[in-house]
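Have a look first, then read on.

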Amino acid sequence: MTIEMADLLSEDAVFISVDGHSKKHALQEISAQAAKVSGLQERAIFETLNKRERLGSTGVGNGIAIPHGKVVNLKTLSALFFRLAAPIDFDALDGEPVDLVFVLLAPEDAGADHLKALAKIARVLRAEGVAEDLRGAITRGDVFSVLTRAPANAG
């Protein structure tokens, strides 16, 4: 099964100028928005993401973090994208602050699909110019277009 970015992410799940003055605060804000989009409990989402962060930062470098985890009662893979109002310390691998956060929530039984989706997200975000385009995008629709456009979507 090939996972396409447009299958994971909807324009309604793109948020720009999100406040987050610390990693914990950002994860709380992200969990609150994710709960609204997914219908899941905010606390369950926060605990899932926080538990994963305790294993090691999901800050992958270049100002990007990909928090993820498996959530009870989730039926399908669900992704959300957040551009933070200001970069924050996320304990990223390169030590740089994070301002682009792509969240992946997976059903408990997602198995390989969860890993395929994570790999897809990482490929898209690492593609030439994508991070810069995401930072320069003005509207939610612009951000969604950057994330789902064909060249970055290849592979």
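1. A charge sits over a ring if NZ of Lys or CZ of Arg is within 6 Å of the ring centre and within 35 degrees of the ring normal. On that basis Arg 140 lies over the face of Phe 15, 5.3 Å from the ring centre. Lys 23 does likewise over Phe 90, at 4.9 Å. Keep in mind that this is a predicted model.

2. Phe 15 has a ring partner too: with Phe 82 it makes a stacked aromatic pair, 5.0 Å centre to centre and 10° between the planes. Phe 15 belongs to strand β1 (residues 14–18) and Phe 82 to strand β5 (residues 78–88), so the pair ties together parts 67 residues apart in sequence. Both Phe 15 and Phe 82 are buried.

3. How many aromatic pairs does a search of the whole structure find? Two. Phe 81 is in strand β5 and Phe 102 in strand β6, 21 residues apart. Phe 81 counts as buried because its relative accessible area is 0%, under the 20% cut-off. Phe 102 is buried as well, again at 0%.

4. Now the core. The largest nonpolar core has 54 residues, and those with the most contacts inside it include Phe 81, Phe 102, Leu 9 and Leu 147. Strand β6 (residues 98–107) gives the most to this core, eight residues.

5. Beyond its neighbours within four places in sequence, Leu 9 is in contact with residues including Val 14, Leu 80, Phe 81, Phe 102 and Leu 147.

Technical notes:
Residues are numbered from 1 along each chain as its sequence is written. This is a predicted model: local features need pLDDT of at least 70, side-chain atom pairs count only at pLDDT 80 or more; totals for chains, interfaces and linings use all residues. Side-chain values use heavy atoms; hydrogens and water are left out. A nonpolar core is a set of buried Ala, Val, Leu, Ile, Met, Phe, Trp, Tyr and Cys residues joined through side-chain atoms within 4.5 Å. Buried means under 20% relative accessible area, exposed over 50%, partly exposed in between (1.4 Å probe, protein chains only). Helices (H or I, at least four residues) and strands (E, at least two) are DSSP runs, numbered from the N terminus. Contact means heavy atoms within 4.5 Å. Rings of Phe, Tyr and Trp (its six-membered ring) pair if their centres lie within 6.5 Å; planes under 30 degrees apart count as stacked, over 60 as edge-to-face and the rest as tilted.
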